[in-house]
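Could you have a look at this one with me? I've jotted down a few points to go through with the structure open beside you.

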Amino acid sequence: MLENAISSGILSMGVDVLFIGPLPTPGVAYATRSLRADAGIVVTASHNPTRQRHQIFPCDGYKLDEKNRGEIENLVFSGAIEKSVRVGADRPGRPH
């Protein structure tokens, strides 16, 4: 369900999404870099601590640093992201 929610939000912004299926976290990091993707997102199992249930990888394939992760969390939890990100695009992205 979380995968669908995340991908729906990204697709609604006009960004294409590539689903690569179940992989270990390092596999997603590698795929992000080798496929020259803009970013990679991992949704992990519920046995992980809450803060580690998702990972975001920038295009270089390295885990997002704590500073940037904290900035994203602040934008989301404060509601400021609603004012700074315009959801919607001329065309939705395509799932692959």
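Predicted model: local features only at pLDDT ≥ 70, side-chain atom pairs only at ≥ 80, totals over all residues.

Here are my notes, point by point.

1. Helix 2 comes out with the highest confidence, at a mean of 93, while helix 4 (residues 81-84) has the lowest, at 72.

2. Next, find L18. You'll see it in the loop that links helix 1 (2-12) to helix 2 (25-34).

3. Now move on to R36, in the loop between helix 2 and strand 1. Its phi is near 55 degrees, which is a positive value in a residue that isn't glycine. Is R36 buried or exposed? R36 counts as exposed because its relative accessibility is 76%, and the cut-off for that word is over 50%.

4. Follow the chain into strand 1, residues 39-43, and watch the side chains alternate. G40 and V42 point to one face and are buried.

5. Last, check what strand 1 pairs with. Its partner is strand 2 (residues 54-58); the two run antiparallel and are joined by 5 bridges. Which residue of strand 2 stands opposite I41? Look across from I41 and you'll land on I56.

Key. Residues numbered from 1 in each chain as written. Heavy atoms only, no water. Helix = DSSP H or I, 4+ residues; strand = E, 2+ residues; numbered from the N terminus. Buried < 20%, exposed > 50% of the residue type's maximum accessible area, 1.4 Å probe, protein only. Pairing = 2+ DSSP bridges. pLDDT = per-residue confidence, 0-100.
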